[in-house]
Every structure is written in structure tokens, then in C-alpha cells.
Amino acid sequence: IDRLSGAETNVVSALEICVRPDRRGTGLSALMLDAMRRATAEQGYDTLIAPVRPNGKHTRPDLPMTEYAAQVRADGLPVDPWLRVHVRAGGRIERVAPRSMTIAGTLADWRRWTGLPFDVSGSVRVPDALVPVHCDVTHDQAVYVEPNVWVRHRLSPAGD
């Protein structure tokens with residue numbers, strides 16, 4: 001039940017799973033996703049929605065997210081490691097959210113955040129960013145609009 005409105009709820013949304021860099025590649029993300037799926041089912045929900053930030057996308061910042069998310073390996077699983085964890089767990093890629101997060105700042109902000117010059121208008125590649133940052137020198141502004149991928153997990157409620 002929604003605590004503010006009292007309305008019945010019917011789906012759970014994941015917010016974030018974050019693994020320390022020194023623990024990545026150890027299978028911890030799959031364990032955390034499994035725990036999230038189990039907790040959702042134990043609360044009686046049959047659906048978990050996860051807005052996923054594909055962790056390999058930064059290597060292909062100029063490839064549209066729709067194309068990146070559709071890439072599969074020979075075994076049919078997604079090329080992206082984090083999307084692959086979700087699909088292996090039973091998730092289904094639903095769609096791409098083209099504007100899931102926006103970060104705007106002055107050029108001084110972006111220089112401080114990234115150590116990059118941000119001195120030419122146009123697209124700027126920033127390490128680990130999923131897409132380029134749009135820089136506008138005339139207006140002293142740069143904007144990053146990050147896409148993500150929505151994955152739906154259908155679950156069996158606890159006890160079923």
C-alpha cells in the first residue's frame with residue numbers, strides 16, 4: 001500500500017545495485033539481484049522493474065542505447081555484462097529510456113568534475129559516461145543526458 005495515498009501497489013522498482021570496484025566480477029551482482037527478486041516476491045509482488053545502467057556501454061558512447069541493448073552474443077544473451085545478469089536471472093528487456101538522468105552544469109563545473117577542458121562546442125567524450133556530453137561554449141553550459149534500459153522480472157510470489 002502506498003503510504004501517502006493509501007492506494008494498492010502492484011509493482012516494485014529497483015533503485016540501485018552498486019558493487020565496489022574491487023568486488024566486481026565476483027558474482028556479487030547476481031547475488032544482490034537474486035536477493036532483490038526474493039524480497040519482492042516475499043512481499044507478495046509478482047513484478048520487479050529494474051532501470052539498468054549497462055556497465056559496458058561506456059566503451060561504445062556513440063552507439064545509440066537501443067542498438068547497444070539489442071546486441072547479443074552467440075548464446076543469445078546480451079553482450080552487456082549487467083544486462084546479461086538480469087536476463088540470466090529471468091528478466092526481460094522491455095525498452096530503453098532515452099532520458100533517465102540529466103546532469104547540467106557550467107563549463108567550470110564540468111572542468112572540475114572531469115578534468116577535461118570543455119572549451120569547444122559539440123560532443124565531449126567523458127570517461128565512463130554512456131553517451132557524450134553536449135558542450136555549448138557560447139552559453140557556458142554542458143549537459144549530459146544518460147539513457148538506461150528497463151528490465152522486467154516476472155516473479156512467483158513467495159509460497160507459490
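A salt bridge here is a side-chain nitrogen of Lys or Arg within 4 Å of a carboxyl oxygen of Asp or Glu. The model is predicted: local features need pLDDT of at least 70, side-chain atom pairs count only at pLDDT 80 or more, and totals for chains, interfaces and linings use all residues. Residues are numbered from 1 along each chain as its sequence is written, and side-chain values use heavy atoms, without hydrogens and water.

**View 1. R73 and D75 form a salt bridge.** Their N to O distance is 2.5 Å. R73 is partly exposed at 30% relative accessible area (buried is under 20%, exposed over 50%, partly exposed in between; 1.4 Å probe, protein chains only). D75 is partly exposed too, at 47%.

**View 2. D34 pairs with R38 in a salt bridge.** The closest N and O atoms are 2.9 Å apart. Both residues sit in helix α1, 4 residues apart, so about one helical turn separates them. (Helices are DSSP runs of H or I, at least four residues; strands are runs of E, at least two; numbering starts at the N terminus.) D34 is partly exposed at 35%, and R38 at 44%.

**View 3. R53 and E146 meet in a salt bridge.** The N to O distance is 3.0 Å. R53 lies in the loop between β2 and α2 (65-70) and E146 in strand β6, so the pair ties together parts 93 residues apart in sequence. R53 is partly exposed at 38%, whereas E146 is buried at 4%.

**View 4. H86 lies in helix α3 (residues 81-88).** H86 is buried, at 2% relative accessibility. Leaving out residues up to four places away in sequence, H86 touches L33, A50, V52, G91, V151 and H153 (contact: heavy atoms within 4.5 Å).
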